[in-house]
Amino acid sequence: MNQQCLVYKFNCERCYAGYVGFTYCQLHQCVDEHRDSSSSIEKHFCDKHSLAPKYLSKNFNVLMKCMNKFDCLIYFF
């Protein structure tokens, strides 16, 4: 959770929907940002399940540790 500059994947445990993203901040900060109402993950929970789980962090997995932004973007292509 204290890693920075990485590609991560979120898996919804209720319906197995997924989301892949990248962040330069620490993963725990990224998870906190996804609790905001403008986040696609938060919108998914509101639209599909009515409520987000209390412990959202367990649904995030690191796919790749990056050295810079370019490394993160390359992962998607």
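I began with His 34, which counts as buried at 9% relative accessibility (buried is under 20% relative accessible area, exposed over 50%, partly exposed in between, with a 1.4 Å probe and protein chains only). The model is predicted, local features need pLDDT of at least 70, side-chain atom pairs count only at pLDDT 80 or more, and totals for chains, interfaces and linings use all residues. Residues are numbered from 1 along each chain as its sequence is written, and side-chain values use heavy atoms, with hydrogens and water left out.

I placed His 34 in the loop between helix H1 (27-33) and helix H2 (40-49); helices (H or I, at least four residues) and strands (E, at least two) are DSSP runs, numbered from the N terminus.

Next I looked up what the side chain of His 34 contacts: it makes a polar contact with the side chain of Tyr 8 at 2.8 Å. A polar contact is a pair of N or O atoms within 3.5 Å; within protein, one must be able to donate a hydrogen and the other to accept it, and residues adjacent in sequence count only if both atoms are side-chain atoms.

From Tyr 8 I went to its bridge partner, Gly 21 in E2. Strand E1 (residues 6-11) pairs with E2 in the antiparallel sense over 6 bridges; pairing requires at least two DSSP bridges between two strands.

I then traced the open sheet, where 3 strands run in the order E2-E1-E3 with antiparallel pairing. E2 and strand E3 (60-65) are the edge strands, each pairing on one side only.

Last, I checked Val 20, found in strand E2 (residues 18-23). Val 20 is partly exposed, with a relative accessible area of 36%.
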